[in-house]
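Biologist: I'd like to go through this one with you and ask how you know what you say. Could you bring it up on the screen?
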Amino acid sequence: MKLTKKVLCVLLSVLLVATCAPFVFAAENEPFRISCAVNGSLATQRGITWYTNIDTASVVAYSDGVNEYTAEGSSAEWDGNFVHKVLLKDLEPGTTYTYKVGNGTVWSEQGTFTTDDGDDKVDFVVIADIQASNLENFEKGAAVVDKALEMYPENDLIVNLGDFTNDSTNEEWDYYDEAMADINRNTTIAPVSGNHDGLGVWNWFDNMFNLNTKESVQNLNGVNYSFDYGNIHCAVLNTNDLLSITDAQLLWLENDMNSTACDWKMVFMHKSPYTLGKDGKWPDALYLKDALVPVLDKCNVDIVMSGHDHMYLRTKTLKGDAVAEDGDGTVYVLAGTAGSKRYEIREFLQEHFMPVSYIDACVVQKDGYGNYFNGTDFDSVDENNIGGIFNHISVDGGTLVLEAYVVGDATGEAKLVDTLTITKATGENVPTFSGNNTTNELLYYVGTPLSFAKLAFYTLTNWLFKFLGMLPDLLRVYGETGTF
Ligand SMILES: [Fe+2]
């Protein structure tokens with residue numbers, strides 16, 4: 001009898017282990033942090049990334065609704081997990097694909113993306129600075145993106161201008177994943193790294209997404225890459241390293257912008273030289289005005305979109321750091337934050353760094369200091385401006401329309417707060433550069449001290465005097481609010 005009980009116990013234990021084993025196995029192989037990113041042509045390629053807890057095969061199974069395909073990639077250990085990257089190539093333009101990722105046995109939920117059809121009509125969503133550190137605030141940011149996709153369900157591309165997280169820890173990226181997994185799996189992302197995203201570890205951000213960054217050697221706190229979407233050539237810049245921008249990046253950008261025949265040129269980067277937010281006083285971003293703006297002018301970039309200062313601000317068309325009365329120049333947009341960490345305006349900065357005459361539209365997403373620019377001052381208030389912001393860009397041939405929406409905290413409704421329309425003649429842009437634009441590693445490192453010297457020279461000869469001039473205002477604001 002005792003023996004029978006023992007045998008039964010053993011049998012039950014074996015059965016229990018055998019039943020549970022697949023679930024344990026599945027959990028360890030379960031894909032997470034799945035993303036579908038821009039990687040080369042949006043008409044024919046996508047870069048898929050995901051993570052697992054243990055090392056396993058990297059397979060994407062995808063379908064155009066008629067045929068089934070698989071693609072394999074590679075994995076690598078990264079900060080306690082394994083990152084998997086697969087490049088989907090030779091996709092059919094103008095086609096909606098479904099896909100799932102896994103090891104061939106354990107699969108993720110299904111995702112989807114739609115390839116660019118190659119005509120000159122596209123539209124997409126731009127967000128910035130969710131910069132959350134807990135699940136609740138990531139979910140608030142996700143709700144703003146959900147609203148954008150509810151209004152523009154056909155949009156496949158989302159440009160995220162950086163500061164995805166606050167401290168770039170595994171815990172925060174997992175909250176980001178938990179809050180935005182459906183969005184990330186079902187849209188294509190063009191990610192820009194923020195200063196909160198890199199951890200100061202080479203390639204950290206590059207390991208979150210499968211991007212084509214092979215032309216750049218500067219991947220410490222961010223990434224540089226470019227891509228075409230319809231008739232727009234887009235470049236993404238890393239502005240987060242100690243030098244903000246290096247001569248090697250400027251050369252890469254100039255060649256990159258001069259290599260396109262697209263009618264429209266856009267640059268996405270985290271920091272902006274034109275801001276009235278609290279970070280608008282530091283030399284890292286302001287140096288961009290001296291170093292980067294002349295290159296943008298030379299390359300006829302239409303729009304630069306940035307984040308970092310957690311408010312919405314759009315300049316008039318500028319050229320040579322002045323208003324271009326003929327409309328031939330670049331518009332700089334601070335995209336506002338899609339999250340709930342929002343900054344006040346620092347009006348005194350306009351006397352030193354940012355003339356108010358440059359501003360066409362400004363919305364501060366929180367109370368205090370007024371919350372929108374009425375064309376004269378910043379004292380106007382509208383409770384509906386208190387919320388997260390998303391931007392929507394549409395290009396149809398020679399017409400570009402930028403719209404900014406606040407999704408009200410109180411209402412959940414989207415309110416249009418700014419519209420910009422630019423028109424231009426098409427077919428006139430002739431490329432002047434062709435060939436290899438890969439940054440030479442040796443020249444990058446040799447040139448770094450010179451880039452640093454230029455920043456130091458700007459800081460000591462230009463920035464410092466202006467900073468000392470606004471010190472009384474800074475101290476006053478600190479006394480009133482406890483923050484600079
Ligand atoms: Fe930032």
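Biologist: Which domains does the domain assignment give for the protein chain?

Modeller: Keep in mind that this is a predicted model. The assignment gives domain 1, residues 31-118, and domain 2, residues 119-484. Their C-alpha centres lie 27 Å apart.

Biologist: How many residues of domain 1 are in contact with domain 2?

Modeller: 29 residues of domain 1, and they meet 24 residues of domain 2. To count as a contact, the C-beta atoms have to lie within 7 Å.

Biologist: Which elements make up the side of domain 1 that touches domain 2?

Modeller: Those giving two or more residues are β1 (32-37), β2 (46-52), β6 (81-88) and β8 (111-114). β1 gives the most, with six residues. Sorted by class, that side of domain 1 has eleven nonpolar, eleven polar and seven charged residues.

Biologist: Okay, on to the helices. Why are α5 and α7 called roughly perpendicular to each other?

Modeller: Check the angle. The axes of α5 (residues 283-291) and α7 (residues 441-469) cross at roughly 100 degrees. The label covers 65 to 115 degrees, so α5 and α7 are roughly perpendicular to each other. Their axes also come within 10 Å.

Biologist: What makes the contact between α5 and α7?

Modeller: On α5 you'll find Pro283, Leu286, Tyr287, Asp290 and Ala291. On α7 there are Lys454, Leu455, Tyr458, Thr459 and Trp463.

Biologist: How do the residues of that contact divide by class?

Modeller: The contact of α5 with α7 has seven nonpolar residues, one polar and two charged.

Terms used:
Residues numbered from 1 in each chain as written. Predicted model: local features only at pLDDT ≥ 70, side-chain atom pairs only at ≥ 80, totals over all residues. Domains from an automatic or database assignment. Contact = placed C-beta atoms within 7 Å. Helix = DSSP H or I, 4+ residues; strand = E, 2+ residues; numbered from the N terminus. Nonpolar A, V, L, I, M, F, W, Y, C, P; charged D, E, K, R; others polar. Axes fitted to C-alpha atoms, helices over the stretch in contact; angles between N-to-C directions. Parallel < 35°, antiparallel > 145°, perpendicular 65-115°, else oblique.
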